Amino acid sequence: MVFEPPKRLVRALGETAPDGDDWLEKLPEAAQQAVALRELTVERVQVPGGRSSLVVLVRTADGTPAVLKLAPGRARPEAERAALTHWGGRGAVQLLGPWRTEGVLLLERLHPDVSVRSLPEAKALLEAAGTLRRLWVEPPAGFPFETVAERTGRQAEAMRARARVDAVVAPLVDVALAAREELLAAPPEHRLLHGTFRQSKVLAGERMPWLAVGPDPVVGECAFDLARLVRDRVEDLIAQPSGAATTRRRVKRLAESLDVDQERLRGWTLFRAVESGVRAGRVGRPRDAELLLEFAGWL
């Protein structure tokens with residue numbers, strides 16, 4: 001089988017990865033080797049797939065449905081492996097098999113086309129939040145993950161650089177960076193976080209109704225993880241005349257349901273929305289940038 005990467009993956013790597021083309025060139029051979037090593041039967045490449053990895057639906061030698069995932073080093077697949085190992089299937093997809101090849105994960109098969117986004121919004125938020133709660137555990141000793149301070153520090157540098165050449169985003173960047181400094185001034189909380197959690201990262205499963213996939217794990221406070229969920233379906237929020245009020249109610253409801261400080265959740269939601277908006281503008285996605293920065297302005 002020819003393992004052709006989906007257009008979405010090619011486009012995403014072209015936006016952000018200086019080593020993307022090299023990895024893409026090697027991808028078909030790497031996928032063939034992984035399939036042969038694990039004696040897998042290939043069903044199909046998942047399309048449109050993700051923005052940072054090739055996802056292939058396969059069956060193991062005994063016929064068990066599984067997912068083969070290949071990702072470049074910049075997507076931190078080894079950190080994902082470490083987090084999934086630590087969670088051990090509690091709230092998240094499980095690793096399969098004893099094999100360990102850098103950048104290659106073999107995972108239990110969920111229902112790739114059924115995420116909590118398929119549910120009505122209120123139910124989707126409830127199910128997603130319940131899944132996220134199960135992931136917030138103590139990290140392993142000597143954990144191999146970035147901290148929230150480290151990750152947002154890198155992001156803050158990129159935001160400052162953009163603000164120096166874009167006067168339109170500069171005021172919001174200043175507010176977001178000030179919020180980050182205030183949030184990091186408190187003693188750090190150490191929980192293992194999903195890192196990129198949203199409704200589309202929660203898929204229907206057999207072991208449990210809903211399981212999280214695709215973590216970019218980080219260690220820090222729970223409010224940072226929950227912040228990305230606040231802006232889910234941002235395009236729908238922006239289209240609503242009451243979008244700003246709905247967003248504020250969502251912050252309050254999620255904070256109360258997961259016992260997270262409301263102001264800290266608002267602060268991290270602001271920072272993460274501005275960071276995502278600035279990044280979208282930098283890589284040529286102006287519509288996404290506009291939506292995210294308008295959303296951030298409501299906070």
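The model is predicted: local features need pLDDT of at least 70, side-chain atom pairs count only at pLDDT 80 or more, and totals for chains, interfaces and linings use all residues. Residues are numbered from 1 along each chain as its sequence is written, and side-chain values use heavy atoms, with hydrogens and water left out.

- Four strands form an open sheet in the order 1-2-3-4, with antiparallel pairing; strands (E, at least two residues) and helices (H or I, at least four) are DSSP runs, numbered from the N terminus.
- Strand 1 (41-45) and strand 4 (104-108) are the edge strands, each pairing on one side only; pairing requires at least two bridges found by DSSP.
- Strand 3 (residues 65-70) and strand 4 pair in the antiparallel sense over five bridges, and Ala66 has Glu108 in strand 4 as its bridge partner.

**Helix 6**
- Helix 6 (residues 170-184) has 15 residues.
- Its buried residues (under 20% relative accessible area, 1.4 Å probe, protein chains only) include Ala170, Val173 and Arg180.

**Aromatic rings**
- The structure holds four aromatic pairs; rings of Phe, Tyr and Trp (its six-membered ring) pair if their centres lie within 6.5 Å, with planes under 30 degrees apart counted as stacked, over 60 as edge-to-face and the rest as tilted.
- Trp268 and Phe271 form an edge-to-face pair, 5.9 Å centre to centre with 90° between the planes.
- Because Trp268 and Phe271 are three residues apart in helix 10 (residues 262-282), about one helical turn separates them.
- Both Trp268 and Phe271 are buried, and Phe224, Trp268 and Phe271 form one aromatic cluster.

Key
Buried < 20%, exposed > 50% of the residue type's maximum accessible area, 1.4 Å probe, protein only. Expected span 1.5 Å × (residues − 1).
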